[in-house]
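The following exercises concern a structure with more than one part to examine. Please work through each task before reading its solution.

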Amino acid sequence: MAKTLLTISLVSFAVTLLAYCLPRKVMLRHLRLVSYALGLVVLLASIVLRYVETGILPFATTQQFAAVFAFGAAAFGVGLESRRPESSRAINALSIAVVIALLIWSVLTYRTQSSLVPALQNNPLFLSHVVLAAAAYGTFVVAFAAAVAQLLVRNDGGRARVGPRDMEGIGYQAVRVGFPLFTLAILLGSVWAGVAWGRFWSWDPKETASLVTWLIYAGYLHLRLSRGWSGKKSALVVIVGFLAVVTTFLGNFVFSGLHSYN
Amino acid sequence: MTESSGKGWLKTLWCGLSSNRFGVALIALWAVVCAVGLALPQQVGFDVFRSPLIPVLGALLAVSLVACTARRLGKRRSVFHSGPTSGGDGGGSHQVRVALPSRISPEEAVEMTEALLAKRRYAVRRLSSDELRAERNRLSRHSSTLTHLALIALIASVAVVALTGFEEPFVAVVEGEEHSIGHETGLIVGLDSFKTDYWPDGTPRAFLSMVTVRREDGTQEEGMIAVNRPLKVNGVRLFQAAYGRAPRISISRDGETVAEVAVPLRGSYREGLLSRPAGVAHLVSLGLDVWVIGAAEGGDDPILEPNQVLVELTSEGAAVSHGQVVLARGAAGDLAGLTVAFVEEKSFSGLSIAKEPALPAIWITAGLFSLGLAGVLWFPYSAISVGRTGRRQEGGDIVVEVRWPKGSGGKRQAARLGASIEEALKTVDHQGGISEKGS
């Protein structure tokens, strides 16, 4: 059942993406809002149902986390869509593409898990660490999409309804929301590592990759807030930051380490 | 070198260390070092993360943070007297000019602006009839400084833990045996029993070590150690890290036992795709090392049965092999003039033991760091100053100055606020008061 719901949410997001790509029409806006909301609600239901079915938090493997990650990105996008429908159009279309990619992977590799290794048997920290990471990753997807859109949108001297500066503003807002969440995710992960492994920091590949990601976004915020960086340079930093997010997310397949639960 | 040139050099150094440019360069350097360490496989001989490079970079970061924070605090002191719109962390200011409609006096305009700002949760203070100051998120005013100070304290706490604490990442304690923790703790840990539990699909569910920790004064504490449930005795924490088999090997010469030792199979011996658990015990009195290799997990070992081990005796340091023998449990064999017996098999528990005296300080400073970060990014301090230009005898323009963290949209903020004020002024009802439109 949880897999069926996951597939339904995937289809809903595919419809949303299609509606984003078609010309601006009032009916299409309604369609994409409905399909977007449906996709989000069904995705959440799928995650909750998976937990109810097994009694185990469905965040243990990278494939399971992909669904939570997709939810984080989609949830942030819905907020953006409701507040700034015009300026977020291109950004949300790109974000939804990432969400769809994550969900395709999650559906194709779906496997019912009925056991949890001892290291993961700490529900409060497991839940908070993973949910915060997924929420932060979600905002970074939106920031990445905004940076890409910023680089692609032509600056026509402010004549267009949505210009690169609007995209840049949205990207900054996304990082502004996501960075403290990511910091908390790392800190709670460190607290958990201290309890489970006896070391709050082990230079485990996933830990190190997340530190690199954190440093890139910290650098971005410093460059922007202290040194006034903006425009293409700051967009490139955000894109590099997202590449680090992808490396952190998929790191288990490249590096072994304490975080390998696949 | 003259005194003044010495001071000049120091000043240049201080300016460099406290500059944002240096801070950003350090962040970049950290990221590069970590990325390189992540990308290149770390060797036992050289590991970037265990090399002196990390403490050096940490110290540089701390110095940069101290210098940067001192500069901020110095600036803060110098601007404290320049009014409430100054002194926020790293702010920039933007001004917008709002033209007054001819029917409205500057005083009325400022009054309307006051109402508008109050609606937007600004704490407004009237300085005079035609001048006001307003602030929002006042508590966040110094959050950037708090973030920096917390990070300095965090680095210091980590250094204190590293310098005053200790960590034994892997201590193998065999069932029924004891291990002295050392490090002047006076504690001895003994493994009473070890239990494993599995899920129906064969995944480990729990590793449980029942231990007794004896103190120097003769008192003792019994407890259970499991993953996620460490045991704390006298500030020393014991964690469940691993477990495995520990075959007991007896060595005798001419019928007399000269050594008997349980060898925890804590490592692995690879042969093609096959991985066998392996361990070694050093018999200093005999000048021998006893290597023990167990059967591979899963029962697909072509050489060893599940109840067999391969024992090899080497000279100390594994320089010369004295031969090897395969033994079943309870069996004995001859090797290099000695009788080697596989007496029994026990379990061992791999414990990680650590004492981290400043650990609470790490979590407190990390919490403060997060709090500061949330203040900077989620509840940014902003201050607004509104007054008239006084260019005209009557009327005059209203000047709105917004102080806002640089790079976070202060210019737009000022423009939006200016537009709102302009809109409110246009829709004013002279008799009835003020209404705000589209704010």
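**Exercise 1.** How far apart do the C-alpha centres of domain 1 of chain B and domain 3 of chain B lie?

*Solution.* This is a predicted model, in which local features need pLDDT of at least 70 and side-chain atom pairs count only at pLDDT 80 or more, while totals for chains, interfaces and linings use all residues. Residues are numbered from 1 along each chain as its sequence is written, chains are lettered from A and ligands numbered from 1 in the order in which they are written, and side-chain values use heavy atoms, without hydrogens and water.
- Step 1: chain B is divided into domain 1 (3-75), domain 2 (89-137 + 380-438) and domain 3 (166-355), with bounds from an automatic or database domain assignment.
- Step 2: the C-alpha centres of domain 1 and domain 3 of chain B are separated by 44 Å.

**Exercise 2.** Describe the area buried between chain A and chain B.

*Solution.*
- Step 1: contact (heavy atoms within 4.5 Å) involves 48 residues of chain A and 45 residues of chain B.
- Step 2: the buried area (accessible area, 1.4 Å probe, that two parts lose on being put together, summed over both) is about 4200 Å², and carbon and sulfur atoms give 65% of this.
- Step 3: on the side of chain A, the most area is lost by Pro118(A), Phe200(A) and Trp203(A), together 16% of what that side buries.

**Exercise 3.** Which side chains meet in a salt bridge between chain A and chain B?

*Solution.*
- Step 1: a salt bridge requires a side-chain nitrogen of Lys or Arg within 4 Å of a carboxyl oxygen of Asp or Glu.
- Step 2: the structure holds 16 salt bridges over all chains. Arg199(A) lies in the loop between α6 and α7 of chain A and Glu167(B) in strand β4 (residues 166-174) of chain B, so this pair joins two chains. Helices (H or I, at least four residues) and strands (E, at least two) are DSSP runs, numbered from the N terminus.
- Step 3: between chain A and chain B the count is one salt bridge, and the side chains of Arg199(A) and Glu167(B) form a salt bridge at 2.7 Å, N to O.
- Step 4: α6 (164-196) and α7 (205-225) of chain A each supply at least two residues of the side that touches chain B; α6(A) gives the largest share, 17 residues.
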